[in-house]
4 protein chains.
Amino acid sequence: MAASETIGVGMAGYSFMGAVHSQAWRTVHRFFDVPVAPELVALAGRDRARTEAAAARMGWSAAETDWRRLVERDDVGLVDICTPGDTHAEIAIAALDAGKHVLCEKPLANTVAEAEAMVAAAERAAASGVRSMVAFNYRRVPALALARELVANGRLGTVRHVRAVYLQDWLTDENSPLTWRLDRTKAGAGALGDIGSHIIDASQFVTGQAITGVSAITETFVRRRPVATSSAGLSASAGTEYGDVTVDDAALFLARFTGGAVATFEATRFAAGRKNAMRLEVNGSRGSLAFDFESMNELWLHEEDIDAAEGGFRRILVTEATHPYLGAWWPPGHGLGYEHTFTHEAADFLTAVGTGTDPEPSFADGLRVQRVLRAVEDSAAADSRWTPVP
Amino acid sequence: MAASETIGVGMAGYSFMGAVHSQAWRTVHRFFDVPVAPELVALAGRDRARTEAAAARMGWSAAETDWRRLVERDDVGLVDICTPGDTHAEIAIAALDAGKHVLCEKPLANTVAEAEAMVAAAERAAASGVRSMVAFNYRRVPALALARELVANGRLGTVRHVRAVYLQDWLTDENSPLTWRLDRTKAGAGALGDIGSHIIDASQFVTGQAITGVSAITETFVRRRPVATSSAGLSASAGTEYGDVTVDDAALFLARFTGGAVATFEATRFAAGRKNAMRLEVNGSRGSLAFDFESMNELWLHEEDIDAAEGGFRRILVTEATHPYLGAWWPPGHGLGYEHTFTHEAADFLTAVGTGTDPEPSFADGLRVQRVLRAVEDSAAADSRWTPVP
Amino acid sequence: MAASETIGVGMAGYSFMGAVHSQAWRTVHRFFDVPVAPELVALAGRDRARTEAAAARMGWSAAETDWRRLVERDDVGLVDICTPGDTHAEIAIAALDAGKHVLCEKPLANTVAEAEAMVAAAERAAASGVRSMVAFNYRRVPALALARELVANGRLGTVRHVRAVYLQDWLTDENSPLTWRLDRTKAGAGALGDIGSHIIDASQFVTGQAITGVSAITETFVRRRPVATSSAGLSASAGTEYGDVTVDDAALFLARFTGGAVATFEATRFAAGRKNAMRLEVNGSRGSLAFDFESMNELWLHEEDIDAAEGGFRRILVTEATHPYLGAWWPPGHGLGYEHTFTHEAADFLTAVGTGTDPEPSFADGLRVQRVLRAVEDSAAADSRWTPVP
Amino acid sequence: MAASETIGVGMAGYSFMGAVHSQAWRTVHRFFDVPVAPELVALAGRDRARTEAAAARMGWSAAETDWRRLVERDDVGLVDICTPGDTHAEIAIAALDAGKHVLCEKPLANTVAEAEAMVAAAERAAASGVRSMVAFNYRRVPALALARELVANGRLGTVRHVRAVYLQDWLTDENSPLTWRLDRTKAGAGALGDIGSHIIDASQFVTGQAITGVSAITETFVRRRPVATSSAGLSASAGTEYGDVTVDDAALFLARFTGGAVATFEATRFAAGRKNAMRLEVNGSRGSLAFDFESMNELWLHEEDIDAAEGGFRRILVTEATHPYLGAWWPPGHGLGYEHTFTHEAADFLTAVGTGTDPEPSFADGLRVQRVLRAVEDSAAADSRWTPVP
């Protein structure tokens, strides 16, 4: 059952996303029958000492201090981009043009223009069998993959309502430090781009529909913060100097979908007590779904067909062998965690690479999300006026 | 402990609201030390036989076929208005001008103009000690009264987010009948006025702040329905003739509050599987609250002050003797139901009447909600553009 | 729809149970089509002033200082016993022998012998059409009535497991006062009799099976407490004198049912944070049920027939018009409270009285519970040895 | 940060436990600063082809068809026993006597006598610095490790109640096949040994107290089943031949703890709809805890110190960096899964091995659980009579 072929992976970035992607590359072929097994060939970062330490710890054979080396190395067949958004376009386009398969973290880019250039590169590369995918990992939460199946099978009927929030609270404290995630030049946007992009993609994925327009407001509650003294790793501490927050703390918008559904969306880092509450509710003419990532192994399903006297939302523990991705793991009731979504993502991408098929979500899907993000910002800047998504 | 004085109550309307108000009038002085006890003097309806049957069943001494008789009768000191919204203004103004205290069901009126006239009448009457109140009963859910206390005491710090939905599903079926509630001339609005008004009032009540502006969309998913063959009572059956739905099925809007909070609101009758999910979440700089009427005896509280390793939302079972209204009822853990909110409302109104104080929510509070409803409709009609609430 | 006939009710006891029974008698005919409507004729207590005040407050026409007057009065047709357990047998037997219908609070008596005498009296009286019922009100929680229907209809298949707990915490504090409920001569038993009796009856009711034997332990965690300075009403305060607790604080037992199910039971007043957690879980070969009174409007149902990939416990909001007792009340999602279970009990008893049928649970049912209580105490006293229930 | 030393691991068994242990050995040093990193040297099984395939898939360098080879190999310093219980004693004693550190799956053995021999071997080996641990992985669920800390810090006061269940449902279907787990000669016991042992250990771990005696019943609901056609791996299919089930399907018992707490325990494979509901509730004089493995990232805490009007069970999302084991993983709200408990176990064992300290739970701890299992079986065989645990 072990894969007979291997592919060399080169990864840029070794912080939060780098750590979880590394675990996926180390693990995927131990559980999934992927046609090609990954080899952790090289890790790229800017600081030599840190990159080498990270490579040793995370199991990468080599450390590089320039991402361009990943593109140049013959033993790298797949480039995995885990850096901040302002570097995605340059790395991805170079890698694709060099014939490397590319997995790119979300959001795809910091601007629509960058995303469009990336899509163009992906299409050029696809002509010669090079694959690309954007890493919206929540599509690989088994409960959300099951949700999509149920909607696609008509189990909810006509979708009428979507209710999507992504609630975090790590900025609630006014003194938490100013990191790159609060810097528009690095991060592109704040809560909107970082976590809002997830619920935009997930809602389109689950419903199988696209957002056609939005009305929005954004807000920055705390406009100045102490500058972080260290930007490496997951934790940063506050210094004594202050700087401007140049991104949104929260973004809220109304939306309509191609199939006629109406929706509310909210992304915030100020929902005290909510740690990673990525929630999605869908109401249709035949049933409803509800999900909260804080209980990621559960999907709640209501069906109108059941007699009202016996109906109700039922808690499906998404841990059965017949559930998406679950056949590879443990017996029922033995839940998965956050990192598994990345292992599933790696399995799907390696399968696409090995079988010569197009993985999803494509860069084009990533561009669609980017256009929604842009429409949200445009609407917020124009008195919340309704703004179509091109 | 029994009240030494009594006041004659005359009530207009004997359907859903009439039934629950009757239970409140029969019950309030059995549990609360109100300064005046109610006497169920007369019930007014249009159909003599039905009104007489309702009066007998509900415990009213007399039945009248014209609400004007309630205003004329000397033995009626308090008029309770439980009729559809198009009649509120006329009845309330007549009763107030006749010196009767008035409790009026929500929303206060079908238009801002009507509501303004009612406020004027209430102010005239107040000069001679006549009291008026609008029946936003959710303020009397003990959990929401406790929520207001917590916010007022600074326990949540600066409020940053409000998330309010009122989800019902009784129109999910496209063949459910066309009743007066779907007729704009009777009901004024659809989900927006009926249940959206509740979450507008409740969010302003709990936060102690006012909504300053909105951006909105409304939707009517099913535009024609079979006309109801009977409009009486809680249940109606569908006939073979079809008619137009002239109100919204769902209303969604973004809002800002006077204190700087941003908010999402949604009212719908198409959320399959949600029966009466009036939910409110508030996030502040020091803590958060969450409530769902489907579990009305619970309030969830998160406090930032607790060490993160031990923090989390806690489920306060709002059944302690020290909780609002609970001292009158049962031991801890023995929950209350929907109708108790009306008994609490009656207790508060009778206390105001008996002690000569102004009850809340006043007609002016009702007018404020009416202005938000109007702003929502205006924004929805103007491309969702941001619309200030006067 | 109003009942054409009435029956005079005489009630003994005006504390917690008296208050909630009064509310039931005042309310039942306003919502249920009972063949006879109750009249609150007389309330009996020992202290004249207190009894008169309670009668005025609770709506009783007369106050009596001896329960024997209830039995003597011609205008009393139904005697309702809300006094401590040591008085049940004497009052009930006298009332039944005088031809009065009797509703008696639970547990039926303080000893098996008393209960047997009461059953004999009930059988004598039944011969002349006099009805008797023991007030296990949890049978009238709509969710538990629905649970019984589902089991009776075979929806759970063969019942294999019962898991029943009744958790309260009002004795957690070692200084909470010594009231009559902690005095064996008055109360008969502690947690076992007071709340253990409820889960014994409810589990037999829901499963339709009887407990055949038990193995038990009981425990009194705090053996001396400050004597209560006032024993009236729901609240009592602690004095400076100490006295012995002569009942159990907690009782735990294993059991087997006639149909082969095995069970755990636990009743305690020391479960810190649990206010009234009367919980019941049943697992069968075709499905499972779960209930918690702290969320009394919900029943959780799992069905094996549903494909495992879509199965799970579903939360039935027991507020549909088709649910037991719910047709009399409010629209879906508008929950009921604790006191409604007594109104349902009153409706069922009045229906039995008016239609000449035998109500349930009968005194014989109450005796069966008493025999389980006795077996539990016997087993606990005999090294937990298995003790059959006669 | 990468460990400078390594230790060769040899593992016996490659089914469910083998798969999850392999993931732990591959992963532990990528996230934890262990003093020695594991090398996956050799995997032992009986069938050559299957063992080699498993070794390749799971990342083991060599495959052996006799566990004795693990003991003999010089490059193996640690033996990990993942085989059925009837082989534990022989393998463990041989490995310990050969100076190999031993991690042994639970329950420690199939009999008290075997467990005693293993403890003796562990003590002999400890004298020369050889470490041994029994793999009660639930101790490494962060929520349960946090629970132990809270109890140890006095946060619950005097523990009065323990309520522990382990509910599965994979035998609910009467036709599910007869595997080794239903064979007393292989498995030692049924639900009692397999999952009952987990709640016995976990309850003693969390409370810091020992069980002093029990009263028990056991039950085998389905006594004959179709023999499994294949016993390998996690899944097995039923054949046409039938055989006897020689273990318990369910075990229920009452218990007392050294500190005076009383308890109910239940282990079953017939709780339809419960997949892996390992639940633990503890009530003390100052607070309470509740846990359910089906929501393994949550711990519920109630504290008596909080004003009753604001108190309640709070849901601690056990994903903060300050929680046990969590500093190694992801940001708050990004939950862990089942397999992480084994990675934590590996980290603790490697730390003990590398630092020369005694790991917990020791074989002596495993023996203590074994003695409780024995007492349960003895009591069940003796009319549920109270049976002290030696």
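1. Start with chain D. Helix H4 (residues 88-97) of chain D has His88(D), Ala89(D), Ile91(D), Ala92(D), Ala95(D) and Leu96(D) buried. Buried means under 20% relative accessible area, exposed over 50%, and partly exposed in between (1.4 Å probe, protein chains only). Helices (H or I, at least four residues) and strands (E, at least two) are DSSP runs, numbered from the N terminus. Just after H4(D), Gly99(D) has a positive phi of about 85 degrees.

2. On the basis of the values: this is a predicted model, in which local features need pLDDT of at least 70, side-chain atom pairs count only at pLDDT 80 or more, and totals for chains, interfaces and linings use all residues. Residues are numbered from 1 along each chain as its sequence is written, chains are lettered from A and ligands numbered from 1 in the order in which they are written, and side-chain values use heavy atoms, with hydrogens and water left out.

3. Chains A and B first. A rotation of 180 degrees, with 0.0 Å of shift along its axis, superposes chain A on chain B (RMSD 0.0 Å). That is the relation of a two-fold axis. Copies are superposed by least squares on the C-alpha atoms of residues with pLDDT of at least 70 in both. Of the residues of chain A, Arg385(A) comes closest to the rotation axis, at 2.2 Å (C-alpha). The same surface serves both copies, as 100% of the contact residues of chain A recur in chain B.

4. How much do chain A and chain B bury between them? The figure is about 3,700 Å², with 54% of it on carbon and sulfur atoms. Buried area is the accessible area (1.4 Å probe) that two parts lose on being put together, summed over both. Arg160(A), Ile217(A) and Leu254(A) supply 16% of the area that chain A buries against chain B, more than any other three residues. In contact terms (heavy atoms within 4.5 Å), 48 residues of chain A meet 48 residues of chain B.

5. Chain A and chain B share 8 salt bridges. A salt bridge is a side-chain nitrogen of Lys or Arg within 4 Å of a carboxyl oxygen of Asp or Glu. One of them pairs Glu266(A) with Arg163(B), the closest N and O atoms being 2.7 Å apart. There are also 23 residue pairs in polar contact between chain A and chain B (both at pLDDT 80 or more). A polar contact is a pair of N or O atoms within 3.5 Å; within protein, one must be able to donate a hydrogen and the other to accept it, and residues adjacent in sequence count only if both atoms are side-chain atoms.

6. Chains C and D come next. A rotation of 180 degrees with 0.0 Å of shift along its axis superposes chain C on chain D (RMSD 0.0 Å). In chain C, the C-alpha nearest the axis belongs to Arg385(C), 2.2 Å from it. Chain C and chain D bury about 3,700 Å² between them. They share 8 salt bridges. Arg279(C) forms a salt bridge with Glu281(D), with the closest N and O atoms 2.9 Å apart.

7. Which residue sits in the loop between strand E6 (132-135) and helix H6 (142-152) of chain C? Arg140(C) does. Arg140(C) counts as buried because its relative accessibility is 5%. The side chain of Arg140(C) reaches the backbone oxygen of Glu360(C) at 2.7 Å. Arg140(C) also touches other residues, among them Tyr325(C), His344(C), Asp348(C) and Pro361(C).

8. Check the backbone here. A cis peptide bond joins Glu360(C) and Pro361(C), with omega about 0 degrees. Pro361(C) lies in the loop between helix H9 (340-355) and helix H10 (363-381) of chain C. In chain D, a cis peptide bond joins Glu360(D) and Pro361(D), again with omega about 0 degrees.

9. One more backbone point. Tyr325(A) has a positive phi of about 75 degrees although it is not a glycine. Tyr325(A) lies in the loop between strand E16 (313-317) and helix H9 (340-355) of chain A. Phi of Tyr325(B) is near 75 degrees, also positive. Most residues other than glycine have a negative phi, and most peptide bonds are trans.

How values were computed: Lists of a residue's contacts leave out its neighbours within four places in sequence.
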